[in-house]
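Here's a quick briefing to keep beside you while you turn the model around on screen.

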Amino acid sequence: MGKGSGYGKVILFGEHFVVHGVPGIVSAIDSSTDAIVTKAKNGLIIKDERKTAKGYSEEKRLQQIESIERMLKAMELDPKTPLDIWIGGSLPGFSGLGASAASSVAIARAINEEFNLSLSNERINQIAYEAEIAYAGNPSGIDNTAATYGGLMLFKKNPAGGQDHIERLKIQEPIEIVIGSTGKVANTKAMVEGVAERKKANPTKYDPLFNQAEALAAAGCKALEAGNLKEVGELMNENHKILQEIGVSSIELDHLVDIARKQGAIGAKLTGGGGGGCMVALTPSKELQEKVANAFKTEGLEFLATKIGAITH
Ligand code: PMV
């Protein structure tokens, strides 16, 4: 029996743009997915006990099987190796929180232990990236990196396929956030493909938006490290606007963003692939966090009240 776990994450700046080599800012959150893997006799049996948005497990089932086969192949094991896999942990299966990457890191670590492969964290991260291809088509690698290492970081994909740029950000203290879930399951792969297609078809519209995303990530980095949270919030609001422009927000996400801002969140934006899934509100103080969380509760929405920069290793 082998065990493993992987962190969930929240993207503060640059989702989607990061796929195309623009830097993104991500923080691991203190919720993780755990996995237990045992060698079996017949086929692949997955017992997925995560709390999820309705329909999440069914919608992701085929991608999940493909992701496990991809990982086994990357570990130089037979992709059809019979395994019993249990998945659970505190990270809910909501779209946008890097749940697929967290589960892939957890499963990769559990396989590593069960088969005594002695893989480094760097290899686990590469293997989880292989798994992410099943879920995202052309992933940036930001999710598996946060799931593997934790922390708050600036991430820039290496378009040539070599080492990605990972820079840890230092903030004065962890900052309260509220993550709100629309309850809608999104297909990250379709969302990523949609942006790539629209970008190709309309460079006049998209090129300036990509430049703006790059500027926002740079400014976001500075503001976070300087502890200028008002500025961070304003930049997040700007980021939400350009995510709307590239067609990845939704009525539900915009509604949650509005609720959070009305309650006093100093910034709010969708987080992750969009098209459903989750949004994040910057709520620096316990009181403000509770106010936004209570508003979500009143609307019957699922949420996570957590912090960025709390997982430091
Ligand atoms: O929705 P999630 O948690 O899978 O996040 C996807 C983030 C994207 O930037 C849209 C894709 C990626 O691989 O970076």
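**Pockets, cavities and packing**

The largest pocket has a volume of about 390 Å³. Keep in mind that this is a predicted model.

**The largest pocket**

- In total, 17 residues line the largest pocket, and the ones nearest its centre are Q126, G161, G162, Q163 and D164.
- If you want to find the pocket by its helices, look at α3 (121-136) and α4 (142-149), which each supply at least two residues of the lining.
- The largest share of that lining comes from α3, with 5 residues.
- What is the pocket lining made of, by class? The lining of the largest pocket has 10 polar residues, 4 charged ones and 3 nonpolar ones.

**The largest cavity**

- The largest cavity comes in at a volume of about 350 Å³.
- Its lining runs to 33 residues, with K9, D143, T188, G272 and G273 nearest the centre.
- Several elements give two or more residues to this lining: β1 (2-13), α1 (56-74), α2 (99-114), α3, α4 and α5 (188-201).
- Here α3 turns up again, giving the largest share of the lining of the largest cavity, 3 residues.
- By class, the lining of the largest cavity divides into 14 nonpolar, 14 polar and 5 charged residues.

**The second largest cavity**

- The second largest cavity has a volume of about 30 Å³.
- Which residues line the second largest cavity? They are R50, Y56, K60, Q64, S100, S103 and Y135.
- Two helices, α1 and α2, are the elements that give two or more residues to the lining of the second largest cavity.
- Of these, α1 provides the largest share of the lining, 3 residues.
- Sorted by class, the lining of the second largest cavity has 2 nonpolar, 3 polar and 2 charged residues.

- An open sheet of 4 strands runs in the order β8-β9-β7-β10, with antiparallel pairing.
- At its edges sit β8 (267-271) and β10 (303-308), each of which pairs on one side only.
- On average, neighbouring strands of this sheet are turned by 25° against each other, direction ignored.
- Inside the sheet order, β7 (residues 175-181) and β9 (residues 278-282) pair in the antiparallel sense over 5 bridges.
- To find your place along that pairing, look for S181, which stands opposite C278 in β9.
- Helix α9 (residues 286-298) packs on the sheet and touches β7, β9 and β10. The direction of α9 makes about 5° with that of β7.

**Around strand β5**

- Is strand β5 (residues 152-156) mostly covered or mostly open? Strand β5 is mostly covered, as 4 of its 5 residues are buried.
- Strand β2 (residues 24-39) pairs with β5 in the antiparallel sense over 4 bridges. Within that pairing, S27 has L152 of β5 as its bridge partner.
- Strand β6 (residues 165-168) also pairs with β5 in the antiparallel sense, over 4 bridges. There, the bridge partner of L154 is E167 in β6.
- As background, the strands of a sheet pair through backbone hydrogen bonds, either parallel or antiparallel.

**Helices α5 and α6**

- Packed helices are described by the angle between their axes and the distance between the axes.
- For α5 and α6 (residues 203-226), that angle is about 115°, and the axes are 6 Å apart.
- On the α5 side, the contact is made by V195, R198, K199, K200 and A201. On the α6 side, P203, Y206 and F210 take part.
- By class, this contact of α5 with α6 has 5 nonpolar and 3 charged residues, and no polar ones.

**One exposed lysine**

- You'll find K262 in helix α8 (residues 251-262).
- K262 counts as exposed because its relative accessible area is 70%, and the cut-off for exposed is over 50%.

How values were computed. Residues are numbered from 1 along each chain as its sequence is written. This is a predicted model: local features need pLDDT of at least 70, side-chain atom pairs count only at pLDDT 80 or more; totals for chains, interfaces and linings use all residues. Side-chain values use heavy atoms; hydrogens and water are left out. On a 1 Å grid over the protein atoms alone, a cavity is a set of points where a 1.4 Å probe fits but cannot get out, and a pocket is an open set with protein on both sides within 12 Å along at least five of seven lines; lining residues have an atom within 4 Å of a point. Grid points are joined across faces, edges and corners, and a volume is the space filled by probe spheres set on the points. Ala, Val, Leu, Ile, Met, Phe, Trp, Tyr, Cys and Pro count as nonpolar, Asp, Glu, Lys and Arg as charged, and the others, Gly among them, as polar. Two strands pair if DSSP finds at least two bridges between them. Axes are lines fitted to C-alpha atoms, for helices over the stretch in contact, and angles run from 0 to 180 degrees between N-to-C directions. Contact means heavy atoms within 4.5 Å. Buried means under 20% relative accessible area, exposed over 50%, partly exposed in between (1.4 Å probe, protein chains only).
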